[in-house]
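Please open the model in your viewer and keep the selection tool at hand.

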Amino acid sequence: MTSTVVAGIDGSAASTAAARWAAEEAVRRGASLRLVHAWPWLTDGVSSFAEPDDLPAAAQRTLAEAADGIRADHPDLAVQTDAVLDAPVDGLVAAAADADLLVLGSRGHGGFAGLLLGSVSMAVAGRSPVPVVVVREAGSPGAAEVVVGVDAHAPEEEVLAFAFREAALRGARLRAVHGWDLPPLFGYAGGAVPAAEVDQLEALEAKLLSLALAGQRERHPGVAVVEDVRLGAARGLVESSAGAALVVVGRRGRAVEFGPRLGRVAHAALHHAEAPVAVVPHG
C-alpha cells in the first residue's frame with residue numbers, strides 16, 4: 001500500500017510553506033500527499049464565523065488553491081484534498097491515524113504574532129500517533145545535515161530509525177547530538193570543576209553515544225554520521241539546527257496524567273530551531 005504524507009492547511013502562509021515541504025517529502029518517499037483542512041467554523045474572510053453549510057465552499061477553495069500550486073510544481077505527485085468539520089487539533093490528529101507523517105505550519109491564522117509556535121501545532125505534536133514535522137523555516141537549500149537529538153543513556157530506536165531514514169532519503173549527513181549535564185554533586189561543590197574530570201565525563205558520554213547509534217549505523221551503512229557530544233541538551237540541539245535540513249526529536253507516545261506531553265528538549269527545538277522539526281512518538 002502506498003504511504004501517505006498529510007499536511008494541515010488553513011490558508012495561512014505558514015501552512016502553505018508546510019504543504020510545499022510536505023509535497024517534497026512525499027516525492028522523496030514515493031508517497032501520496034493528502035491536504036486536510038479542519039475547522040469547526042470556517043471563515044470566508046467576510047464574517048467572523050461561517051455556518052456548517054458553508055464548509056464545502058470555503059474549505060474547498062482553500063484546499064484547491066494549495067493543491068493547484070503543488071501540482072504545478074510536482075505534476076506526477078498524487079494529491080488528495082479533504083475538508084473536515086472538526087476542531088483543528090482533533091481533526092488533524094484523526095487525519096494522521098492512517099498516514100506515515102503529518103506536516104504542519106508553525107502558526108496559522110489563529111496565532112499571535114509574538115509566538116513562534118501556535119497552540120494547534122504544539123497540541124498536535126504532543127498527541128499525533130505518527131511523526132509530526134513543524135515547518136517554520138524552510139531549511140537551508142541543499143542542506144547537508146539532518147540533526148537528531150539523542151539521549152545516550154536511554155536511546156529510542158523509533159527516533160533514531162526515523163532520523164537515519166530521513167538522512168538516507170536526502171543523501172545527507174546525520175549529526176547525532178547528545179547533550180549532557182554535570183552530575184548534581186558538582187553543583188554543590190562550589191568553585192570550578194577540574195577540567196580533567198569534565199574531560200573524563202565527556203569521554204564516557206561519547207562512548208555511550210557511539211553504543212546508542214551502533215544498531216542504526218549497521219542498518220544504514222551509507223549514512224555518514226557525526227557524533228556530537230555537548231554540555232546542555234536543548235541548547236546543543238538548537239545550536240546545531242542552523243543550516244540543517246531537518247531536526248529530529250522524540251516524544252513519549254504513552255499517555256501521562258494530562259495526556260501526552262512534549263519534553264523540554266522537544267519544546268525548545270519547536271520554539272527555537274532554525275529548521276523544520278520532526279517530533280517522533282516513542283515508547
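Begin by selecting D228 and R175, whose side chains meet in a salt bridge at 3.0 Å, N to O; the term denotes a side-chain nitrogen of Lys or Arg within 4 Å of a carboxyl oxygen of Asp or Glu. D228 belongs to strand β8 (residues 225–231) and R175 to strand β7 (residues 173–180), so the pair ties together parts that are 53 residues apart in sequence. Helices (H or I, at least four residues) and strands (E, at least two) are DSSP runs, numbered from the N terminus. D228 counts as buried at 10% relative accessibility, and R175 likewise counts as buried at 18%. Here buried means under 20% relative accessible area, exposed over 50%, and partly exposed in between (1.4 Å probe, protein chains only). Now extend the selection to E145, R173, R230 and E239: salt bridges that share partners join these residues with R175 and D228 into one network.

The model is a predicted one, in which local features need pLDDT of at least 70 and side-chain atom pairs count only at pLDDT 80 or more, while totals for chains, interfaces and linings use all residues. Residues are numbered from 1 along each chain as its sequence is written, and side-chain values use heavy atoms, with hydrogens and water left out.

**Salt bridges within helices**

The structure holds 15 salt bridges. Select R170 and E166 next; their side chains meet in one of these, at 2.4 Å, N to O. Both residues lie in helix α5 (residues 157–170), 4 residues apart, about one turn of the helix. R170 is partly exposed at 21% relative accessibility, whereas E166 is buried at 0%.

Then move to helix α1 (residues 13–29), where R28 and E25 lie 3 residues apart, about one turn of the helix. Their closest N and O atoms are 2.9 Å apart in a salt bridge. R28 is partly exposed, with a relative accessible area of 29%; E25 is buried, at 0%.

**An enclosed helix**

Select helix α3 (residues 88–96): 7 of its 9 residues are buried, so the helix is largely enclosed by the rest of the structure. The buried residues are P88, V89, G91, L92, V93, A95 and A96. To see what they pack against, display β1 (4–8), β2 (32–38), β4 (101–105) and α4 (119–127).

**The second largest pocket**

Which residues are the closest to the centre of the second largest pocket? Select V150, D151, G250, V265 and H282, which hold that position among the 28 lining residues. The volume of this pocket is about 660 Å³. Elements giving two or more residues to its lining are α5, β7, α8 (233–240), β9 (246–252) and α9 (264–272). The lining divides into 14 nonpolar, 7 polar and 7 charged residues. Ala, Val, Leu, Ile, Met, Phe, Trp, Tyr, Cys and Pro count as nonpolar, Asp, Glu, Lys and Arg as charged, and the others, Gly among them, as polar. On a 1 Å grid over the protein atoms alone, a pocket is an open set of points where a 1.4 Å probe fits, with protein on both sides within 12 Å along at least five of seven lines; lining residues have an atom within 4 Å of a point. Grid points are joined across faces, edges and corners, and a volume is the space filled by probe spheres set on the points.

**Confidence**

Finally, colour the chain by pLDDT, the predictor's confidence in each residue, from 0 to 100. The chain mean is 83, and 79% of residues reach 70 or more. Confidence is lowest in helix α6 (residues 184–189), at a mean of 54, and highest in α5, at 97.

Technical notes
Contact means heavy atoms within 4.5 Å.
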